[in-house]
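Me: I have a structure open and would like to go through some of its features with you. Could you take my questions one at a time?

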Amino acid sequence: MAVDYHERIPNNVDLSGNRRLQRALESWQPNYLRWWDELGPASTQRDDIYLRTAISVEANGWANFGYVKMPDYRWGIFLAKPEVGRVIPFGDHKGEPAWQEVPGEYRSALRRLIVTQGDTEPASVEQQRHLGQTCPSLYDLRNLFQINVEEGRHLWAMVYLLHAYFGRDGREEADEMLERHSGDPDRPRILGAFNEPTPHWLSYFMFTYFTDRDGKYQLASLAESGFDPLARTCQFMLTEEAHHMFVGETGIMRVLQRTCEVMNELRTDDPERLRAAGVIDLPTLQRFLNFHFSVSLDLFGQERSTNAATYFTTGLKGRYHETRIHDDHCLTEAIWPTHNLMDGQIVCADGPALLSLNERLRDDYIVDSQRGVNRWNRVLEQHGSDFRLALPHRAFHRAIGVFADAHVSPEGSLLTEGEWRQSAGDWLPTDADHAFVDTLMQPVTAPGVMAGWISPPSRGINGQTIDFEYVKFAS
Ligand code: BYC
């Protein structure tokens, strides 16, 4: 499964054995590079970045570190090793051999899933385009660029599937991936969170903690797919996704660490005094957490979804860790508790599990999200602070699903519109919060030096020291 780096498009799928496909992808490649140039990381084309490039999909030694100019990054196509004799693990086709070709009757549903997944990847690169200009350190700058090139590679992964398995309409969908843009009023990205700006590094760390985590759960569900090429692609993408969430979790942890240090130095938790001292106060952090968590919850779709039921019964998209679950994997009789609005109250009532698959995945996601919040709270505890960060209620600030029209407090109380308006500024980032955070966003590019609002990381990348020159700027 070694990757062939002599090819124009590095791959482990024997691309040179299929000339037509190779030519089609080679003709998409310049459009991709043009998109990267126009909408990828701004003003970085000639800088040397200490990046990790995949050289094999084996668990040991798949990564190679070295200085790369981002436009020269070897974006390629990597599928995890095939599992000999793999069978479809769930749904009506459970136990049948996994599909190596697209089953005709599920073609459009499968294409839609792949397009929705693929669309998020370039969207996040577009959202983060300007962050490099305000990096808090070279270490952080390098991590941003690592994530950007990997999201670019994840787009390549989905484009490969579209080109290889969906003929002409797949090629058209691949072209459209580069034509929709994050926040574009005429041609926006498909899912809501990917049209929200990521204006500064606090939003970025929250995004990589909460929104990339949706990526983890969606990719893990697609990694169970009966369509084997999709499953294998997503398995490999998941290994890269883990680093993105690490950047978010440790980023927020370092912000907290720095705030706590200053709180203790000044013996205050007064937001105004802390802001004046150049750190982000804890209520502001909570407001950003509320925003990014709630927007990410929307990415799981409606609480009751016939789409999700169909994806499952037809074997296209499974549950998180499907093969580790002990049940019939068909769910025809099963029930699952789902949150709903009934008679002016939020209730959690049993309903058909098959219709509740989006909600079930959201449940798994919430449990996982809470783990990091607990680790963040340990930092507060260690510094003697009584403040605790908390995930807001799942019905808070939702734009998709049964709570989209409801006004709900972070604690889960239903409110009138007037009550909501009165308090929304306490719960969600205000323009003033953004303006304050923006004042902190001054670039720090001397090796080993950190912006005043964030602590150093506990260690460097790939065994390098924290003051390693992770980015060498073109002079
Ligand atoms: N925004 O039946 P429902 C990642 C639409 S992140 C706008 O619930 P379904 C990454 C929906 O399309 C992971 N529209 O839908 C992270 C449907 O439209 P139609 C991305 C939305 O299909 C960071 C209608 O509402 N991967 O990788 O069950 C950086 C009915 O809804 C939204 C995937 O999402 C929304 N949030 O569930 C980089 C996996 N939600 O039919 C990358 C693939 C729903 O009425 N996607 N709608 O026209 C899916 O599995 C599903 O499409 C969804 C939605 C879970 C997203």
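Predicted model: local features only at pLDDT ≥ 70, side-chain atom pairs only at ≥ 80, totals over all residues.

Me: Which residues that line the largest cavity are the closest to its centre?
Reply: The whole structure has two cavities of 30 Å³ or more, and your question is about the one with about 110 Å³ of space. Of its 13 lining residues, the closest to the centre are Lys-317, Gly-318, Leu-357, Asn-358 and Leu-361.

Me: Which element gives the most to the lining of the largest cavity?
Reply: Two helices to look at here are α9 (306–313) and α10 (357–382), each of which supplies at least two residues of that lining. The top contribution is five residues, and it comes from α10.

Me: Now for the second largest cavity: which element gives the most to its lining?
Reply: This cavity has about 60 Å³ of space, and its lining includes Gln-127, Phe-207, Thr-211, Phe-291 and His-292. The elements that give two or more residues to this lining are α5 and α8. With four residues, the one that gives the most is α8.

Me: How many residues in the lining of the second largest cavity are charged?
Reply: Among the residues lining this cavity are Ala-193, Glu-196, Pro-197 and Thr-198. By class, five of the lining residues are nonpolar and five are polar. That leaves the charged class, with one.

Me: Let's move to helix α12. On which side of α12 are Asp-431 and Ala-432 exposed?
Reply: Start with the buried residues of α12 (residues 431–440), which are Asp-433, Phe-436, Val-437 and Leu-440. They cover an arc of only 95° around the axis, so they sit on the same side of α12. Asp-431 and Ala-432 are exposed, and their place is on the other side.

Me: What covers the buried residues of α12?
Reply: The residues in question are Asp-433, Phe-436, Val-437 and Leu-440. Their cover includes three helices you can pick out in the view: α5 (201–222), α7 (271–276) and α8 (282–298).

Me: Is His-321 buried, partly exposed or exposed?
Reply: His-321 is in the loop between α9 and β3, and although not a glycine, it has a positive phi of about 50°. Buried means under 20% relative accessible area and exposed means over 50%. At 26% relative accessibility, His-321 therefore counts as partly exposed.

Me: And what about Asn-462, buried, partly exposed or exposed?
Reply: Look in the loop between α12 and β7 (471–472) to find Asn-462. Its phi is near 55°, a positive value in a residue other than glycine. Relative accessibility is 44%, so Asn-462 counts as partly exposed.

Technical notes. Residues numbered from 1 in each chain as written. Heavy atoms only, no water. Buried < 20%, exposed > 50% of the residue type's maximum accessible area, 1.4 Å probe, protein only. Arc of directions from axis to C-beta. Contact = heavy atoms within 4.5 Å. 1 Å grid on protein atoms, 1.4 Å probe; cavity = no way out; pocket = protein on both sides within 12 Å on 5 of 7 lines; lining within 4 Å. Points joined across faces, edges and corners; volume = space filled by probe spheres on them. Nonpolar A, V, L, I, M, F, W, Y, C, P; charged D, E, K, R; others polar.
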